[in-house]
Each structure stands twice: as C-alpha cells, then as structure tokens.
Amino acid sequence: MNSSRTDAARRQKFDQLVVVFHADMYRYAAWLCRDKAIAEDVVQEALLRAWKSLDALRDEAAAKHWLLTIVRRENARHFERRRLETVDIDNLTASQSALLAEAPDEQRDELREAIYELEDEYREPLVLQVMMGYSTTEIAALMGLKQGAVLTRLHRARLKLKDKVARDNQAANKQE
Amino acid sequence: MSTANEMMNCEQYRQAVAAEPAFDGGADHVSVCAECQVFRDEMRALDAGIAKALQLELPALTLPELPTIDVQDNDAQDKVVSLASRRSLPKPRWIALAASVMLAAVIGIRMIAGVDNISLADEVLAHLDHDPAALVVSTTPVSDERLIKVVPESMAHMDHSAGLITYAHSCVINGKTVPHLVIQGELGPITILLMPEEKIAAAQTLDGDNVHGVLLPVGNGSIAIIGARDEPLERIEKSVLSSVAWST
C-alpha cells in the first residue's frame, strides 16, 4: 500500500517535471545536435535516465539545471567522438533541414541558419543564456568553463552572428 | 571616445555588451559615446532576434517506457545522482546518524590504536556523508561571505573558478578544522576537502562505495576530491588546483 503510494507520488513528481521542462530539454537538445530526430532520441534517453535517478533530485529548484545536464550528457554520449564542426547549410539531411523548416519568416530564418552554422563552442552558451536564461556563472558551471571563457564565447558568438547578418543584408542589397 | 576619467573604454564596453546585452554597467561611458549606444542597441535587437530564432516548434510529447524503480536498487540510481544515493537509506537524517556513528568509530579507533593506523584516505571517505545538505543537487551558490568564512584568507585563497560551489562548511578531519566544499559535477555533488596541514608524499586514489576520488599533494598540504563513481574528475582536479592557493 505504502509502496504503491510512493510509486504514484514518484510518477506524479516526474510527470510534473516533464510538463514543465520538456520544451527546454527538447530545444536545448535540438540546438546542441542540430538534428530534429536525434534531439528527440536524446530527450527520450534523458527522460529515462531522469526517471531512474529521480530520487537524487532533492532540491526542486535545481530541477532544470539537473535535467539540462542530463540532456547535455546524453547528447555527448550520442556523439561521443564528434569533433567541433561547422555544418554546410546547403548539404543538410532531411532531419537536419526539418529543424530549420518552419513557417517562413525571412529575418528569423536567416538568423536561425546563422545560429545553426555557429561552432558548438559558441552556439551552446548562447542557447543557454538567451533561451534558458542562464547567468554566465551558471553556464560556466554547466559547461565546465571559467566565467571569463564563457564571456569571451558569448561575445564572439554575437559578433559572428552580427557579421553574418550584415553580410547577408549586403548580398541581398546587391541583388536588388 | 574614451577619456582617461572613464571607467570603461569602447572596447571594454562593447565586449561586455556583446557578452551580455542586458549589461547595465558602463553608464558613464555609454552616456557620452554615441557609437557605443548604437552598438548596444544593435546587440539588444540582435538578441531579440536570436531569442525568436531559437524557439523551435516542439514535437508531440511522448514518454519512454518507464521501468519500475526499486528504491533499494542502487544500480539504477548510480549513474546521474548525488553522492547520497549510493546508499539506500531512505531518510537523510538516518544517513547523518549513521555517518556520525561511523565518524565516531573512526575517531575512537584512532584514539585507541594510534593515529597512524587509520589513513587520511579512510577518514576522508568516512566523512563524506556527515551532512545530507552536502549531498544535494543544487544550483544555488554559497555567498562570497560564506566562502571566505569557511576558507579564510589566512588559510588559503580560493576563487569561484573551480565550479559552482553549493556547500561550504568547516569540518574536522584528523583533528584539524578544514573547509568542506561541494561543487556540482556532471553526475551530482563533488566533495572537496582543503587540508593545508595534511602533507602527503604522493597522490592517492580514493575508492569507496560507488564513489571515487583522489587525494592530491599540494605544497605542505593536500586536497581531497571525491565524486560519484562515473564522474569525470580530471577537469575538476585541474580547476580546483588552479583556484586554490595556500596562504602559508
């Protein structure tokens, strides 16, 4: 009796976490691996791992950080030997393209492609800061970097995006 | 645009704003530098665009098949857990009680058998569970004031670069009061004991129930670093060593 009550409470706690954080987990995974299908697999594995380890989570306020850490680890496991790489945006698989192919919005799509093309080391802290609302201290802790390195990466990431957008605009103006 | 009186120059201000567009420092500079005002506004506009671009459409939520969890099943809990879970005692206060008894036993044996019979490594491992609060997955950092109180400048200098420090207490190891710190690793909390007076000849590995770690010689003292069994500690070791300097 006690056991089934405990199981139900455990399941309820898990379901609540999934409802609240599934979107963050998926979007973080998607921007880490840049592939819709792989992101879904990574999230499934992460949810399974979270379920098994749920009793370790005693501080509810840390749930988001905990879940994102699991996603990060599952993604790393998926691409265990992957090196930092750039992606040729003109040569994507269907699943990669699916990540970029939503309702057209020219400005947003240009920026999304530019983010997609950023190297992992720049894209990840940007996603954590802008989408997850992480402070640079929290990003440093999650990525195992010093805060100064995080600041440098964020600074460079934005300058790269700014340059890319400027180049695209220039090219568009020339065509006109 | 910068003048000698200003706290920040253009380059410093732009670096800060590009790293954090919400940065609100450098008011003295930006109020008189039109170019930096433009740059700041561009960065903020860019960030709004980035935020929009990052919002991908979500797939339908499907849960994986969830296995039944046996609360006694340590194996299921070992992989992504706090150190506390490696023992299956259900209530933290029991862990504290058991750890206190164990610690008392270690100290008692030391008193009876002589100090050398219990190694520093054994005492470090026995100390791990003394406080359940030290074993919590957390994102709340301890305050600078707390850190300085536990790691006074007279003992050592430690900055925050080792990682997110979520626990800092003074504890007794081998009869000496030492800082017990916890930083958050990939798999859960990582215990760090700074022992400026415990000189050891060479690094020792620490091996406990589902935990592993290392006791590192540092000058005239040593530092213990212990995490969950699969926790990768090499990076933590490097960052801890570079963030700590004994004062004496």
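How many bridges join S5(B) to S6(B), and in which sense do these strands run? Five bridges join the two strands, which run antiparallel. Strands here are DSSP runs of E with at least two residues and helices are runs of H or I with at least four residues, each numbered from the N terminus. Two strands pair if DSSP finds at least two bridges between them.

The model is predicted: local features need pLDDT of at least 70 and side-chain atom pairs count only at pLDDT 80 or more, while totals for chains, interfaces and linings use all residues. Residues are numbered from 1 along each chain as its sequence is written, with chains lettered from A and ligands numbered from 1 in the order in which they are written.

The strands S5(B) and S6(B) belong to an open sheet of six strands in chain B, whose order is S2-S3-S4-S7-S6-S5 with antiparallel pairing. Its edge strands are S2 (165-173) and S5 of chain B, each of which pairs on one side only. On average, neighbouring strands of this sheet are turned by 20° against each other, direction ignored; axes are lines fitted to C-alpha atoms, for helices over the stretch in contact, and angles run from 0 to 180 degrees between N-to-C directions. In general, the strands of a sheet pair through backbone hydrogen bonds, either parallel or antiparallel.

Two hairpins connect strands at the S5 end of this order. S5(B) and S6(B) form a hairpin with two residues between them, and Asn210(B) in the turn has a positive phi of about 60°. S6(B) and S7(B) likewise form a hairpin with two residues between them; here Gly219(B) in the turn has a positive phi of about 55°. Strand S6 (residues 211-218) and strand S7 (residues 221-228) of chain B pair in the antiparallel sense over eight bridges. Within this pairing, Leu215(B) stands opposite Ala224(B), and His212(B) has Gly227(B) as its bridge partner. S7(B) is also joined to S4(B) by five bridges, again antiparallel, with Ile192(B) partnered by Ile225(B). S7(B) is mostly covered, eight of its eight residues being buried; a residue is buried if 20 or more other C-beta atoms, placed from the backbone, lie within 10 Å of its own, exposed if 12 or fewer, and partly exposed in between.

Leu206(B) counts as buried because 20 C-beta neighbours lie inside 10 Å. Beyond four places in sequence, its contacts include Ala121(B), Val124(B), Leu125(B), Val214(B) and Ile226(B), a contact requiring C-beta atoms, placed from the backbone, within 7 Å. The C-alpha atoms of Leu206(B) and Ala121(B) are separated by 6.5 Å, although the two residues are 85 apart along the chain. Helix H6 (residues 120-127) of chain B packs on the sheet, touching S2, S4 (189-195), S5, S6 and S7, and its direction makes about 40° with that of S5(B).

Elsewhere in chain B, Asn174(B) lies in the loop between S2 and strand S3 (176-184) and has a positive phi of about 55° although it is not a glycine. Asn174(B) counts as partly exposed because it has 18 C-beta neighbours inside 10 Å. Most residues other than glycine have a negative phi, and most peptide bonds are trans.

Chain A has eight helices and zero strands. Of its 176 residues, 39% count as buried. Arg34(A) is found in the loop between helix H1 (2-33) and H2 of chain A; although not a glycine, Arg34(A) has a positive phi of about 60°. Arg34(A) is buried because 22 other C-beta atoms lie within 10 Å. Helix H2 (residues 36-52) of chain A has 17 residues and reaches 25 Å from its first C-alpha to its last, close to the 24 Å expected, a span defined as 1.5 Å times one less than the number of residues.

The contact between the chains takes 43 residues from chain B and 51 residues from chain A. On the side of chain B that touches chain A, H3 (34-54) is among the elements that give two or more residues, and H3(B) gives the most, with ten residues.

Terms used
Contact = placed C-beta atoms within 7 Å.
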